[in-house]
Amino acid sequence: MKKLILASVFTFVGFTAFAQPSETAVEETVIVSATQDGFSEIEMSELPEAIATAVSTNYPSATIDKAHVNDQKQYKLEVSLEDGTSGTLYADENGNWIEM
């Protein structure tokens, strides 16, 4: 008889555990197309001649892969060297290097 009562209690507890409503968390994913640093990509033809000249003068083995500009007319250049290394350079519209 004790086993029957004990089995009934365990069954009741088991059913009540499953009967409780569960909370499900819904995560919302937002994709932002603007870059976080305020730079937007531009075509190589839009790059000022002063910047192209500064790169070829100071980094003769560098190739400009991508160019970006922000509202203050500061340019972010993604460059790669002949030895396979790559980096980012920042310049103003006059071809002067700036720290970012």
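Here are some notes on the fold, strand by strand and then ring by ring.

1. Ground rules. This is a predicted model, where local features need pLDDT of at least 70 and side-chain atom pairs count only at pLDDT 80 or more, while totals for chains, interfaces and linings use all residues. Residues are numbered from 1 along each chain as its sequence is written, and side-chain values use heavy atoms, with hydrogens and water left out.

2. The sheet. Four strands make an open, antiparallel sheet in the order S1-S2-S3-S4. S1 and S4 are the edge strands, each pairing on one side only. Neighbouring strands are turned by 35° against each other on average, direction ignored. As for terms, helices (H or I, at least four residues) and strands (E, at least two) are DSSP runs numbered from the N terminus, two strands pair if DSSP finds at least two bridges between them, and axes are lines fitted to C-alpha atoms, for helices over the stretch in contact, with angles from 0 to 180 degrees between N-to-C directions.

3. S1 with S2. These two strands pair in the antiparallel sense over 3 bridges. Look for Ser-40 opposite Val-69 in S2.

4. S2 with S3. Strand S2 (residues 63-69) runs antiparallel to S3, with 6 bridges between them. Thr-63 sits opposite Ser-80 of S3. The hairpin has 4 residues between the strands, and Lys-73 takes a positive phi near 60° there.

5. S3 with S4. Strand S4 (residues 86-92) pairs with S3 over 7 bridges, again in the antiparallel sense. Glu-78 has Thr-88 in S4 as its bridge partner. This hairpin has 5 residues between its strands, and Gly-84 in the turn shows a positive phi of about 95°.

6. How enclosed is S3? Strand S3 (residues 74-80) has 5 of its 7 residues buried, so it is largely enclosed by the rest of the structure. Buried means under 20% relative accessible area, exposed over 50%, and partly exposed in between (1.4 Å probe, protein chains only).

7. H2 lies across S2, S3 and S4, at about 40° to S3. The largest nonpolar core has 13 residues, and those touching the most other members are Ile-42, Leu-47, Ile-51, Ile-64, Tyr-75, Leu-77 and Val-79. At least two residues of this core come from each of H2, S2, S3 and S4. Such a core is a set of buried Ala, Val, Leu, Ile, Met, Phe, Trp, Tyr and Cys residues joined through side-chain atoms within 4.5 Å.

8. First ring pair. There are 2 aromatic pairs in the structure. Phe-39 and Tyr-90 have ring centres 5.9 Å apart and planes at 50°, so the pair is tilted. It links distant parts of the chain, with Phe-39 in the loop between helix H1 (2-19) and strand S1 (40-42) and Tyr-90 in strand S4, 51 residues apart. Phe-39 is buried at 4% relative accessible area. Rings of Phe, Tyr and Trp (its six-membered ring) pair if their centres lie within 6.5 Å; planes under 30 degrees apart count as stacked, over 60 as edge-to-face and the rest as tilted.

9. Tyr-59 is in the loop between helix H2 (49-58) and S2, and Trp-97 in the segment after S4, so the pair ties together parts 38 residues apart in sequence. Tyr-59 is partly exposed at 34%, and Trp-97 is partly exposed at 32%.

Note on methods. Contact = heavy atoms within 4.5 Å.
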